[in-house]
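Welcome, and thanks for taking a look at this one.

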Amino acid sequence: MANNVNFERVASESLRRLPSILYEWFPSGKLDGREFKIGDIQGSPGESLAINIQTGKWADFAADLKGGDLISLYAAKLAGGSPSGKDQVAAAKKLGEMFGISEQPQASMIPEWFKGRKNEKWVAQPFVPDDAPQPPNEHFKYGKPTATWKYFDNQNRLVGQVCRFDLAGKKVVLPQTWCKSATQGGTGWKWKAFAQPRPLYNLASLAKFPEKVVFIVEGEKTADAAQRFFECNPVVTWAGGSKAYKLTDFTPLQGRKIAILPDNDQPGIDAAEAIATHLLSLGCIVKICRYRTEDDHLPEGWDLADEDGKWDNAYAWQWVIDRLVPWEAKPETQPKKSTKREPQPDISPEPLDEQKYFSESAESQELPPYEGFDFEPPMQKPFRVLGYNNGLYYYYPDGASQVVELSASAHTKNNLFRLAPYGWWQSQYPHPKNDVNWDQAANDLIQSSVNAGVFITKDKLRGRGAWLDNGRTILNFGDQLLVDMVPTPFSLVASENFYQAGPRIPFQIDYELSSPQAGALIDICRMLRWEKPISAYLLAGWATIAPMAGILPWRPHIWINGPSGCGKSTVVREILNRIIGNIAIIAEGKTTEAGIRQTLGYDAIPVIFDEFEPGGDSKSNSIVQEVIELARIASSGGHVVKGTAGQSGAKAYNIRSCFAFASINNGTQNYQDLTRVTALSLQKPLRLSKTEKNEHYDLLMTMIREHLTREFGQRLLVRTVKNIHVLLNNSETFTIAVAKHLGSRRIADQLGPMLAGAYLLTSTKKIDVDAAFAWIQERDWSDHEIEEADKNENQLLSTLMQHRIPVQTTNTNFGHWAIGEVVSVAHGLKVTDLKQHEAERILAQYGMRIKVNSASASGEGWEYGVFISNTHTAIKAILRGTPWEKRWNKQLESLEGARKPEAKTSLNGTSSRMVWVPVELFLDEKIDR
């Protein structure tokens, strides 16, 4: 029956699952802002059917269909068009089953005493009896709450709880209390307001801190956030919203010092002032936080919870203290009466004795003197509690400024000394016999970590380097921070991120380079003998932007290569090292990926590899490829997760560095590397006399020593930081211009930031796309135009076909042939002393066949190609030490025209999965079929 289906609950749960449930129903759909679009109710591609993901309303404009919720949409989908009422009942039942929502109870299932519940009056009880069951964990209409807050009375008895439901586009807050039927005598949990007068939330904190200033905020979520900020002070609030304060018992605050922090809106301010006036009548000393509208830039409705996780405790204290002003009642002024009635979850509130519990006027009351409001913050922790994750607990000591990670069992006395000195522990956790109650201290730390929530290190920790933080530029030199070039202690940076101290990077604030001074770097780079002149600009640009790796949205890498004597060492040791050597990690030779990754940690600093020569053995090649892969991940600041040998589980890294490699040979092999590591090639030494070579070298070194002084790198860094937003703007502009010219966004991502860095050496102004495009068109970019032939799959096929194997012909001639030559003979495309059947036999030894007899590959269209095994050991030996050593079949399947036979094929007596590759892909001429 229709009335047995919980329509509201099903509709609400469907809405909560948006947009994922729509992708299940319509896999071809797409999300466009607040609307999910698909072609029609059958799921065809298109945009005629639009579903609002906030309300669930939908309309198929082509078929003139529409509905108000997801039940009707699902019914239309099941019915194949416009649904009937019966279809909607069936759809709701089916969705209810999917979501685990039971049907509403039948009339026969309802207890006799409950049948008259519509006319029954339920009365909230003052507290919940000890033998009462736990309250239901979900609402009949809104489902499970996203947050729950319990209220207790002054005898620590549970009064009820407040539940918050976050629905699409709105939130609902409802109280839940233990009630008694006024007519039937039954009891149970009901969604009704607390009995009056209502208790304050967090009432127990008043007794815990009897001498401390009490904070009053609006809302339970804000109270929890404020309690984290003001750990040694009580924080309370009232239930029911800004206008429900009149129903609350504030007498437990009698005689206390009060600080009220209202929401930043008129209802919140009105409530705060009315409460303040009432508290004066209770003998309280009251201050109200007055926000500085012009300076604070707070949005309408702002409260302290908006800064939870962003401000540290010391900053929150100072911010609040600076804005607190005394409150004095105006006897002739009554609190404003609002004519607008705000909806309340309270259905039938009991009468309130306002004379007893809330006198709105302080008239005839003797106001207490304001003296004695000692509002100094308590002794602050010399460390911050960050949170927990997988059995580990995280702290940030202000002195060391490095995150401390402790397991539960590691909260020992010696480890706690890493957080604070002995005197602090003794003052906070005194013990009559042992001086310090270490067990209590450890327990409080662990509980505080749990209350702080899950802490993810890779998202919050920042090491040395340059960073953007809420519009500010922060430079971390290991032992000092510069916030917008102003020296700032680690502990005083108000941020949701935590800056890690590290090995000192020498730096002194100095003036920035002028454009002529900075432009000398380009002149020096142009004196080098490059294969392409544009390499001089790219090298200079890379040196400029590499220290900004933590700020850049994309981090380019370079590979300086060329024959012996071409000047690679000069580039690395005399140019890059002079400019950024004190900031960068300098590595050589066989340094591994793990070594670089662990040395970087959370730093975002450049990495320079000198003599990074790919070796002839597979181990050396593997080291090179792993480091290149790390650099490729760093381009976009990707996460790297590595397992550990201990019990701490996997360790996550967020790699954000610009890499520079230098060697005779360029080690990039596949398409991804070629488009993520820019090659800067130096020419072979010119046939100059020794005197001429020495003169050129002396002139170059004179320029270097004159301009690239010890201060040059620091002053260039100051210039870059002060113009960071210009650099970021120009980086995107040059990226757009390069993509327009070369037709590749992947390559443009690489070149754009370096060109912006080079441009910053000559100008601090923004450049437009037209000017950037005109400059780019005048240069030679032939070395940076990665053709389709360079893609991974093409390089793989070329590697296989060019590999040379021993061949014995019928005339007993012996030699080494390329596999591609043998394939040509096997197809009859090349006439030699090697017969076709011999060529086929040789290819079979290397995991390849020309003809197969399987049903899936014996028909038309399979004749002119090569079947290549997915697992043959000979192919694996050929590809050992290359990027295709494993799963080469997946790359081969990406070749144009390649196919994968359904069945296995025989190969030297065994069955193997194979990939068929058209022979035209590695022959110069097209086959006449």
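In which loop is L298 found? L298 sits in the loop between helix 8 (293-296) and helix 9 (313-321); helices (H or I, at least four residues) and strands (E, at least two) are DSSP runs, numbered from the N terminus. This is a predicted model, in which local features need pLDDT of at least 70 and side-chain atom pairs count only at pLDDT 80 or more, while totals for chains, interfaces and linings use all residues. Residues are numbered from 1 along each chain as its sequence is written, and side-chain values use heavy atoms, with hydrogens and water left out.

**Around L298**
- Leaving aside neighbours within four places in sequence, L298 is in contact (heavy atoms within 4.5 Å) with N264, Y291 and W319.
- L298 and N264 are 34 residues apart along the chain, and their C-alpha atoms are separated by 7.5 Å.

**Helix 16 and its partners**
- Helix 16 (residues 534-545) and helix 17 (residues 568-580) cross at roughly 35°, and their axes come within 9 Å. Axes here are lines fitted to C-alpha atoms, for helices over the stretch in contact, and angles run from 0 to 180 degrees between N-to-C directions.
- This crossing is right-handed; a crossing is left-handed if the near helix is turned anticlockwise from the far one by less than a right angle, and right-handed if clockwise.
- L539, W542 and A543 of helix 16 make the contact with V571, L576, I579 and I580 of helix 17.
- By class, that contact has 7 nonpolar, no polar and no charged residues. Ala, Val, Leu, Ile, Met, Phe, Trp, Tyr, Cys and Pro count as nonpolar, Asp, Glu, Lys and Arg as charged, and the others, Gly among them, as polar.
- Helix 16 also packs with helix 24 (residues 745-760), at an angle of about 85° and with axes 7 Å apart.
- That angle makes helix 16 roughly perpendicular to helix 24; angles under 35 degrees count as roughly parallel, over 145 as roughly antiparallel, 65 to 115 as roughly perpendicular and the rest as oblique.
- Residues in this contact include Y537, G541 and W542 of helix 16 and P753, M754 and G757 of helix 24.
- The contact of helix 16 with helix 24 has 11 nonpolar, 3 polar and no charged residues.

**Helices 27 and 28**
- Helix 27 (residues 819-826) packs with helix 28 (residues 836-845) at an angle of about 135°, their axes 8 Å apart.
- Helix 27 and helix 28 are therefore oblique to each other, and the crossing is left-handed.
- I819, V822, V823, V825 and A826 in helix 27 meet Q836, A839, E840, I842 and L843 in helix 28.
- This contact has 8 nonpolar, 1 polar and 1 charged residues.

- On a 1 Å grid over the protein atoms alone, a cavity is a set of points where a 1.4 Å probe fits but cannot get out, and lining residues have an atom within 4 Å of a point.
- The second largest cavity holds about 70 Å³ of space; grid points are joined across faces, edges and corners, and a volume is the space filled by probe spheres set on the points.
- Among the residues lining the second largest cavity are G465, F477, M548 and L717.
- Strand 22 (465-469) and strand 23 (472-476) are the elements that give two or more residues to this lining.

**Backbone details**
- Most residues other than glycine have a negative phi, and most peptide bonds are trans.
- The peptide bond from Q196 to P197 is cis, with omega near 0°.
- N156 has a positive phi, near 65°.

Conventions: 1 Å grid on protein atoms, 1.4 Å probe; cavity = no way out; pocket = protein on both sides within 12 Å on 5 of 7 lines; lining within 4 Å.
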